[in-house]
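Colleague: I would like to go through this model and ask what stands behind the words used for it. Please set each value against its definition.

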Amino acid sequence: MTSTMENLNPSIFRRTNERPITEEELDESIVDPIDQREVFDLIRNVRDPEHPLTLEELHVVEEEKVEVNNDENTVHVFFTPTIPHCSMATLIGLSIRVKLFRTLPPRFKVTVEVTPGTHVSADSINKQLADKERVAAALENTHLISFIQNTFEDEE
């Protein structure tokens with residue numbers, strides 16, 4: 001969306017190992033509650049809009065910053081932009097939200113927010129990401145949804 005990169009040389013971090021699948025998880029007759037790691041696994045491979053790297057590799061998303069409450073059907077994700085003035089932060093948050101909306105059971109209410117203290121416009125971004133009408137309008141924009149869809153390509 002922007003013609004110049006804001007963070008030309010981001011820090012790159014090691015990816016965590018894939019979670020081994022247990023026999024219980026393969027058994028469809030057993031109710032398996034969704035946990036923090038499962039939600040993290042859904043968003044870790046989303047690609048950054050500016051770099052050919054995943055949000056996990058850039059430490060934009062981390063397992064420790066995912067909260068799941070199965071009793072209340074809530075998922076809360078904090079994400080950390082790579083720089084405090086990142087103009088792509090709203091798009092990144094929207095990509096995370098769309099990915100979870102498409103992959104989690106519909107019973108979950110998903111909240112995505114900038115990690116406190118990591119972006120100069122965090123309050124404004126969080127307000128936009130929490131506004132259902134704004135998110136719905138964004139998802140009706142074919143150019144924007146195409147751009148978001150590209151952040152999901154090449155997922156493992």
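Modeller: Two strands pair if DSSP finds at least two bridges between them. This is a predicted model, and in it E1 and E2 run antiparallel and are joined by four bridges.

Colleague: Which residue of E2 stands opposite Val 66?

Modeller: Val 66 faces Val 77 in E2.

Colleague: How do you know that E2 and E3 pair, and in which sense?

Modeller: Six bridges link E2 and E3, in the parallel sense. The cut-off is at least two bridges, so E2 and E3 are a pair as well. Val 75 stands opposite Val 110 in E3, and His 76 stands opposite Thr 111 in E3.

Colleague: What makes E1 and E3 edge strands?

Modeller: The open sheet has three strands in the order E1-E2-E3, with mixed pairing. E1 and E3 each pair on one side only, and they are the edge strands. From one strand to the next the twist averages 10°.

Colleague: How do you know that E2 is mostly covered?

Modeller: Buried means under 20% relative accessible area. Five of the six residues of E2 are buried, and E2 is called mostly covered.

Colleague: Why is Asn 73 called partly exposed?

Modeller: Asn 73 has 24% relative accessibility, which lies between the 20% limit for buried and the 50% limit for exposed, so Asn 73 counts as partly exposed. Its place is in the loop between E1 and E2. Asn 73 has a positive phi of about 55° although it is not a glycine.

Colleague: And what makes His 59 partly exposed?

Modeller: The value for His 59 is 28%, again between 20% and 50%, so His 59 is partly exposed. His 59 sits in the loop between H2 and E1. It too is not a glycine, and its phi is positive, at about 60°.

Colleague: How do you know that the buried residues of H2 line one face of the helix?

Modeller: The buried residues of H2 are Arg 37, Val 39, Phe 40 and Ile 43. Seen down the axis of H2, they fall within an arc of 160°, so they line one face of the helix. Their cover includes E1, E2 and H3. H2 lies across E1 and E2 and runs at about 130° to E1.

Colleague: Why are H3 and H6 called roughly perpendicular?

Modeller: The axes of H3 and H6 come within 10 Å and cross at roughly 75°. Angles of 65 to 115 degrees count as roughly perpendicular, so the term applies to H3 and H6. Among the residues that make the contact are Leu 91 and Leu 94 of H3, and Leu 144 and Phe 152 of H6.

Colleague: What makes a set of residues a nonpolar core, and which members touch the most others here?

Modeller: The largest nonpolar core has 38 residues, and Val 77, Phe 79, Ile 96 and Leu 100 touch the most other members. H2, E2, H3, E3, H4, H5 and H6 each supply at least two residues of this core. H3 gives the most, with seven residues.

Colleague: Which residues does Phe 79 touch?

Modeller: Leaving out residues up to four places away in sequence, the contacts of Phe 79 include Val 60, Ile 92, Ile 96, Val 112 and Leu 129.

Note on methods: Residues numbered from 1 in each chain as written. Predicted model: local features only at pLDDT ≥ 70, side-chain atom pairs only at ≥ 80, totals over all residues. Heavy atoms only, no water. Core = buried A, V, L, I, M, F, W, Y, C linked by side-chain atoms within 4.5 Å. Buried < 20%, exposed > 50% of the residue type's maximum accessible area, 1.4 Å probe, protein only. Contact = heavy atoms within 4.5 Å. Arc of directions from axis to C-beta. Axes fitted to C-alpha atoms, helices over the stretch in contact; angles between N-to-C directions. Parallel < 35°, antiparallel > 145°, perpendicular 65-115°, else oblique.
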